[in-house]
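Trainee: I would like to learn how to read the features of a structure, one at a time. Could we go through this one together?

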Amino acid sequence: MKYPPTHHQDSDKNHIIDVIKTYPLATIISVKDNEPLVTHLPLIFEDGKLIGHIDIYNPQAKLLKDNTNITILFYGPQCYISPSIYSTTQLPTWNYIRVHLKGKVKAIEDKQALKQSLITMTEFLEAPNPKYTLEPDNPRLDANLNYIEMFEITISEWEGKFKLSQDKKPKDILAAREELIKANQDSIRVFLDKVF
């Protein structure tokens with residue numbers, strides 16, 4: 001397991017897993033002929049591995065098998081931190097939470113396992129107050145099983161990057177935390193008003 005010797009707070013594996021479970025949409029990076037292929041998919045952390053599903057027509061699907069090397073990124077909250085929030089003189093900075101993983105990926109060919117995995121992922125994503133249940137006898141589910149591939153990633157390297165003003169006074173750390181919460185809530189509405 002790799003933890004970077006940087007100014008970021010070294011995060012333990014439990015914090016990394018918390019990021020994965022809270023922000024399950026991952027960036028999956030494979031390389032073929034020195035060209036990166038990138039796909040964004042939700043991944044579920046289960047029994048120490050990451051489980052995902054991909055459309056068979058996605059060009060990256062061919063690379064998510066045979067113990068191929070893979071890089072996975074998860075993105076937690078992030079924002080600009082103005083020096084104005086601190087009680088002492090500081091410089092502008094950016095706070096963020098990111099997770100970088102490396103591992104090997106293999107395809108899971110079993111259609112029943114795929115079906116159950118899709119049901120389990122739906123349950124996880126619907127929690128804690130489910131409004132929808134993917135039923136095993138759903139005809140639409142059965143009709144799509146031939147167009148979805150399941151894969152599992154065995155993680156070999158874990159790296160958590162938690163840059164959260166840890167080097168500041170406790171009062172300023174709390175101010176940075178509150179700014180991270182506020183900035184993320186405010187920026188979502190402003191951005192969506194522009195694009196959606």
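Trainee: To begin, does K161 count as buried, partly exposed or exposed?

Mentor: Before I answer, please note that this is a predicted model, in which local features need pLDDT of at least 70 and side-chain atom pairs count only at pLDDT 80 or more, while totals for chains, interfaces and linings use all residues. Residues are numbered from 1 along each chain as its sequence is written, and side-chain values use heavy atoms, with hydrogens and water left out. Buried means under 20% relative accessible area, exposed over 50%, and partly exposed in between, with a 1.4 Å probe and protein chains only. K161 has 15% relative accessibility, so it counts as buried.

Trainee: Which residue forms a salt bridge with K161?

Mentor: A salt bridge is a side-chain nitrogen of Lys or Arg within 4 Å of a carboxyl oxygen of Asp or Glu. The partner of K161 is E159, with 3.2 Å between the closest N and O atoms, and E159 is buried as well, at a relative accessible area of 12%. By this rule the count comes to seven salt bridges.

Trainee: How far apart along helix 4 are K182 and D186?

Mentor: They are four residues apart, so about one helical turn separates K182 and D186, and their side chains meet in a salt bridge of 2.7 Å, N to O.

Trainee: How is a pair of aromatic rings described?

Mentor: It is described by the distance of the centres and the angle of the planes. Rings of Phe, Tyr and Trp (its six-membered ring) pair if their centres lie within 6.5 Å, and planes under 30 degrees apart count as stacked, over 60 as edge-to-face and the rest as tilted. The structure holds three aromatic pairs. One of them is the tilted pair of Y80 and W94, with 6.3 Å centre to centre and 55° between the planes. This pair links strand 6 (residues 68–81), which holds Y80, to strand 7 (residues 93–108), which holds W94.

Technical notes: Helix = DSSP H or I, 4+ residues; strand = E, 2+ residues; numbered from the N terminus.
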